[in-house]
Amino acid sequence: MSVVALVPAAGRGERLGYGMPKALVPVNGVPLLTRAVRGLFESGQVQHVVIAAPPSDVDLVHTATASLAPAGGAVHVLSGGAERTDSVRLALEHALRVIPDTSIVLVHDAARAFTPPEVIADVVAAVRGGYEAVIPVLPVADTIKQVNEVGVVVSTPDRAGLRVVQTPQGFRAETLKAAYCSGIAATDDAGLVEKNGVAVHTVPGHAHAMKITTPFDLAVAEALFSGGQK
């Protein structure tokens, strides 16, 4: 039974200001997408990676990632959709059609290119252990305020029960498929599954799984990982 990772990477990444797809922006000379795909395979748990790329850059993405698959593994590249959820849906449909023994599906952000392979393996192990949906999380360090439409604070949630969500998010294949067939909308895949009535469990995340979306994030990543990690 195969573990398949879906990587929605069709975003243009205007906030990074590179004039190229965000997933292809380099950190110390290596594209985010390359680092993310390499980490998935280095977990030792992923057999296939399905990338939803910008339609105009499918060949470029394939060239950048095809050699990353280990023996017995494969990278699949297809055209992504207008929105992230469209890209995940297209990648999921491809996986279930082309890789019929898909049992576990991960959804991973290329922008979290430095996620340690151990975190990926922990997510897969938790799904294999019987959970339908699993996400890596970190405790919230800052105080959080809920405000109304004019910016006035209305409550202060207890941060002890709050978590920052990272990726990869892991699911039984049939669980994610059912959520996408439900017509429900959510901001991430775990939220979609949760709204479809499935309990979502957590495993510890890692600070290195930071999401790189702004020039500041990129500068931090280049400083932190200048020693050649991943």
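Student: What is the volume of the largest pocket?
Tutor: Start with the word itself: on a 1 Å grid over the protein atoms alone, a pocket is an open set of points with protein on both sides within 12 Å along at least five of seven lines. The points are joined across faces, edges and corners, and a volume is the space filled by probe spheres set on them. For the largest pocket, that comes to about 660 Å³.

Student: Before we go on, what pLDDT do side-chain atom pairs need to count?
Tutor: Residues are numbered from 1 along each chain as its sequence is written, and side-chain values use heavy atoms, with hydrogens and water left out. This is a predicted model, where totals for chains, interfaces and linings use all residues, local features need pLDDT of at least 70, and side-chain atom pairs count only at pLDDT 80 or more.

Student: Which residues of the pocket lining lie nearest the centre?
Tutor: A lining residue has an atom within 4 Å of a point. The largest pocket has 33 of them. By class they split into 12 nonpolar, 10 polar and 11 charged (Ala, Val, Leu, Ile, Met, Phe, Trp, Tyr, Cys and Pro count as nonpolar; Asp, Glu, Lys and Arg as charged; the others, Gly among them, as polar). Nearest the pocket's centre are Pro8, Lys22, Arg84, Asp109 and Lys211.

Student: Which helix gives the largest share of that lining?
Tutor: Helices here are DSSP runs of H or I with at least four residues, strands are runs of E with at least two, and both are numbered from the N terminus. Helices α3 (84-98) and α6 (189-195) each give at least two residues to the lining of the largest pocket. The largest share, three residues, belongs to α6.

Student: And how many cavities of 30 Å³ or more are there?
Tutor: Rolling a probe the size of a water molecule over the atoms shows where empty space is left. Unlike the open pocket, a cavity is a set of points where a 1.4 Å probe fits but cannot get out. With a cut-off of 30 Å³ or more, the count is one.

Student: Which elements give two or more residues to the lining of the largest cavity?
Tutor: The largest cavity is about 30 Å³ in volume. Its lining is made of Arg84, Thr85, Tyr180, Ala186, Thr187, Asp188, Asp189 and Leu192. The elements giving two or more of these are α3 and α6.

Student: Zooming out, what radius of gyration does the chain have?
Tutor: The chain has seven helices and 12 strands, and its C-alpha atoms fill a box of roughly 55 × 40 × 30 Å along the principal axes. The radius of gyration is taken over C-alpha atoms, and the globule rule is 2.2 Å times the number of residues to the power 0.38. For 230 residues a compact globule would come near 17 Å, and the chain agrees, with 17 Å.

Student: How many residues of α1 are buried?
Tutor: Buried means under 20% relative accessible area, exposed means over 50%, and partly exposed is in between (1.4 Å probe, protein chains only). Across the chain, 46% of the 230 residues are buried. Helix α1 (residues 32-42) is mostly covered, with Leu32, Leu33 and Phe41 among its buried residues. Of its 11 residues, the buried ones number nine.

Student: Is Phe225 buried or exposed?
Tutor: Phe225 sits in the segment after α7 (215-224). Leaving out residues up to four places away in sequence, Phe225 is in contact (heavy atoms within 4.5 Å) with Asn28, Phe114 and His208. With a relative accessible area of 3%, Phe225 is buried.

Student: What is the phi of Asn28, one of those partners?
Tutor: Asn28 lies in the loop between β2 (26-27) and β3 (30-31). It is partly exposed because its relative accessible area is 37%. Its phi is positive although it isn't a glycine, at near 50 degrees.
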